[in-house]
Amino acid sequence: MLPLGTEIDTGSTAFAARRAAMLERIDELRALEQRTRDASARAAPLFERRGQLLPRERLARLVDAGSPWLELSTLAGYRLDDPDQQRSIPGAGVLCGIGFVASTRCVVVVNDSGIDAGAIPSMGGEKILRAQQIALENRLPLVQSIESAGANLLRYRVEDFVHGGRLFHNLARLSAAGIPVIAIVHGSSTAGGAYLPGLSDYVVMVRGRAKAFLAGPPLLQAATGEIATDEELGGAEMHARVSGLADYLAEDDADAIRIAREVVGRLGFGDDTSLRAGFAAHAQDLASDTRLAPAMLFDEPLHAPDELAGVVPIDFREPFDMREVVARLVDGSRFLEFQPEYGPETVCGHAELHGHRIGIVTNNGPIDPAGANKATHFIQACCQSATALVYLQNTTGYIVGRASEQAGMIKHGSKMIQAVSNATVPSITLHCGASFGAGNYGMCGRAFGARFVFSWPNARTAVMGGEQAALTMRIVGETTARRRGEPVDAEKLDALSARIVEHFEAQAGVLHTSARLLDDGVVDPRDTRKLLGFLLDTCRQAQTRVLHPSSFGVARP
């Protein structure tokens, strides 16, 4: 397998301009993430008075020192809590990620009780659901660090209450599937939140701080007239000695985390250390969650991954060759391209990444009938050989026009979507540029079951470009006016076009899409190789892990 060459001149002004524009986007992302950390840290005096650790301090003690930590969905809820971009706090009040606890790869969910006392907004619930899905699909133990005021009643919506039941449904499914669920209750876990420990297989509660009850003292008095203290209703000691909800009683946050780590270490889910080589994050300093250490066991690309910041333009209309991206991601820059002369704008091929065999599907333009057929064939062949699929999205969609319609674009595009939807191997999707129209679907967008979906800061997602949408509506408006025998109001149509472009553009960027969990996070292009290596490790471990399912989840006494 021959290595890919490069046409990129890293000393050119074009490269420097692209890199500067990309780094500016990355700085914007990092500033938003820092805003969330700062907001939580402002609660430090209160936590210190209560003898508690801050949520991120709990997380740092929970995960193994110096081990990988991949935080997910850091932009969740951005501008949904507050439309003012200067005041909005991204993250949706929850820290979620994949990390190592007692040498065991786990999904970790931490209520960020430093922000609004851990009250969970609508998108926070969706973020937890996504974390649970990742745990189930990848056979990872789920560790919950719980301290929450519950749902935000000031923003109550009945649909959040009804759909929120899936949080508890998923916990039951995880337990029944043989995937352990561990709860560390640091503070309040009330009303529906009481079922978080209730549906966990192992529960650690902090003496004097943890509380779990279906109705707190105010609601109990309002509903029944009964008067009771927090401890009588749901204190940690009561649950450890009377109700049986707590399996372990801890003296403080640090002690609770110690106990939880010991529990995880005795599950028999310990990670194969060979899979961890080549990926390390700053677990002590979680400010740089995805800036990961270089790989060690596999051939590095011949072309530096750091160059990716200058390879890809911010403007999706500026063409570039996705092979330049592949050359900076895969081991030794080696890429065996599949059918390179057929449907050439759809690029498929075999490679290795951190030693994992992968099939890559990417785009250098719209997907035509030949490209759709090639991709369908390639996806099915990868399923036959149990080769994981990596989709690098960069397409304006399936090609349109008389010739393509007559050539069977709908039929061939549908075959590709069938192959994507029914692929039997793990699929990972990365939004590298444009993701428009049905191209989002055919390239394994969020709705099509990819194991993980990440975006670059320049990614754009929409049913079509804003200018195309505006022109479409203008043509419709002009045609309608002429059919009615009315004059075309150009000024009105100009105003309509401007509104449509603004409406589409406001929704296409990653700050909007990632806020709505249309991906699992936005990654610095320079970190993509390490990210993909870790995700492929996670998928591989899931394939080899033997579970011991039961008919029902583990029931408490």
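This is a predicted model: local features need pLDDT of at least 70, side-chain atom pairs count only at pLDDT 80 or more; totals for chains, interfaces and linings use all residues.
R56 and E71 are both buried, where buried means under 20% relative accessible area, exposed means over 50%, and partly exposed lies in between (1.4 Å probe, protein chains only). The side chains of these two residues, R56 and E71, meet in a salt bridge, with 3.5 Å from N to O. A salt bridge here is a side-chain nitrogen of Lys or Arg within 4 Å of a carboxyl oxygen of Asp or Glu. The pair links distant parts of the chain, since R56 sits in helix 3 (residues 55-62) and E71 in strand 1 (residues 69-72), 15 residues apart. Helices (H or I, at least four residues) and strands (E, at least two) are DSSP runs, numbered from the N terminus.

Residues are numbered from 1 along each chain as its sequence is written, and side-chain values use heavy atoms, with hydrogens and water left out.

D112 is buried yet has no salt bridge, and the nearest side chain of opposite charge, R56, is 5.0 Å away. Beyond its neighbours within four places in sequence, D112 is in contact (heavy atoms within 4.5 Å) with S40, P55, G93, V94, L95 and G118.

Side chains of opposite charge can pair when their charged atoms come close. The count of salt bridges comes to 35. One of them joins R258 to E262, whose closest N and O atoms are 3.0 Å apart. These residues, R258 and E262, are four residues apart in helix 10 (residues 253-265), so about one helical turn separates them. R258 is partly exposed, with a relative accessible area of 42%, and E262 is partly exposed at 36%. In helix 18 (residues 466-483), R474 and E478 likewise lie four residues apart, about one turn of the helix, and their side chains meet in a salt bridge of 3.4 Å, N to O. Here R474 counts as buried, at 19% relative accessibility. Elsewhere, salt bridges link R19, D306, D524 and R526 in a network.

Attention now turns to the strands. Strand 10 (residues 346-353) is largely enclosed by the rest of the structure, because six of its eight residues are buried. Strand 10 pairs with strand 9 (residues 336-338) in the antiparallel sense over three bridges; two strands pair if DSSP finds at least two bridges between them. Strand 10 also pairs with strand 11 (residues 356-363), again antiparallel, over eight bridges. G349 of strand 10 stands opposite E337 and has I360 as its bridge partner in strand 11. Strands 10 and 11 form a hairpin with two residues between them, and H354 in the turn has a positive phi of about 50°.

Finally, the protein as a whole has 21 helices and 15 strands. Its radius of gyration is 25 Å, close to the 24 Å that the globule rule gives for 557 residues, so the protein is as compact as a globular protein of that length. This radius is taken over C-alpha atoms, and the globule rule is 2.2 Å times the number of residues to the power 0.38. Of the 557 residues, 54% count as buried.

How values were computed
Lys and Arg count as positive and Asp and Glu as negative; His and the chain ends are not counted.
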